[in-house]
Amino acid sequence: MMKSIIFGAALVACAVGEGPSLAVLKEMDTEDLVEGRNCTIFVQIFNVGDAAAYNVELEDAGYSNLASMPKRVFWDSIAPGANVETQYTIVPLKSGQAVQSKPAQVTFRLESGSVDVKVSFSNVLHDTSSSETIEGMPVLSQAAFEKKTSRRTKEWLAFILLLVIPLGMPFFFFQTSTNSLKQKRAVAKKEAAAASIKRPSSPVRRSSPVTSRK
């Protein structure tokens, strides 16, 4: 939420003025970096200006503790109001050491082949699992990651259980009372049927023949 607010403010700031203006957003697909495990970085570039940007080049090489660095990405132009995106994979090298991340740098020109170069920068990736500001993003070992994931799973199971109890108990009592009422009605019908079978029938009175007198 906070990242969206900050990026929205950056869009507004970039939109002031004439010509091309690029806003850059960088995100990754996981909250945790794990030693030897791939992590995907997504970069979006928005042209919030009123003119096209030419010879756009993205360089995001400000990392440490990685097996390899991301390659540069090029676009011939980005039209006003348009956006482009790219993604690449990073692999943390050693656990116990943080991955230092600097803003991605985007250079562009007002006209194709112009010597006048403009520069825009992205946000900085940070540890979203901690409320504290720290240097870089910590790299977990596989064992530490599995332990953390297991703890999260237990927390979610406890949350679901606490959610099911208040919602499930009224339904359980309703079903129990409904079944009990049905059973009582069934027993009452059986007793009524048995009583009607056992009740003696009243004798049939036969009328004596009437003789006519002459």
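A: Met169 has its place in helix α2, which spans residues 142-198; helices (H or I, at least four residues) and strands (E, at least two) are DSSP runs numbered from the N terminus. The model is a predicted one, in which local features need pLDDT of at least 70 and side-chain atom pairs count only at pLDDT 80 or more, while totals for chains, interfaces and linings use all residues. Residues are numbered from 1 along each chain as its sequence is written, and side-chain values use heavy atoms, with hydrogens and water left out.

With a relative accessible area of 37%, Met169 is partly exposed (buried is under 20%, exposed over 50%, partly exposed in between, with a 1.4 Å probe and protein chains only). Together with Ile165, Phe172 and Phe173, Met169 forms a nonpolar patch on the surface, and the four residues share about 410 Å² of accessible area. Such a patch takes residues with over 30% relative accessible area and no salt bridge, nonpolar side chains being joined within 5 Å and like charges within 9 Å. The areas come from the Shrake-Rupley method with a 1.4 Å probe.

Charged pairs are the next topic. The structure holds 4 salt bridges, each a side-chain nitrogen of Lys or Arg within 4 Å of a carboxyl oxygen of Asp or Glu. One of them joins the side chains of Lys26 and Asp60, N to O, at 3.0 Å. Lys26 belongs to strand β1 (residues 22-28) and Asp60 to the loop between β4 (53-59) and β5 (73-78), so this pair ties together parts that are 34 residues apart in sequence. Both ends are covered: Lys26 counts as buried at 0% relative accessibility, and Asp60 counts as buried at 2%.

Arg72 takes part in another salt bridge, with Glu57, where the closest N and O atoms are 3.0 Å apart. Because Arg72 lies in the loop between β4 and β5 and Glu57 in strand β4, the pair ties together parts 15 residues apart in sequence. Arg72 has a relative accessible area of 49% and is partly exposed, whereas Glu57, at 17%, is buried. The side chain of Arg72 also meets that of Glu59 in a salt bridge (3.4 Å, N to O). This pair again links distant parts of the chain, from the loop between β4 and β5 to strand β4, 13 residues apart. Glu59 counts as partly exposed at 28% relative accessibility. Through shared partners, the salt bridges join Glu57, Glu59 and Arg72 into one network.
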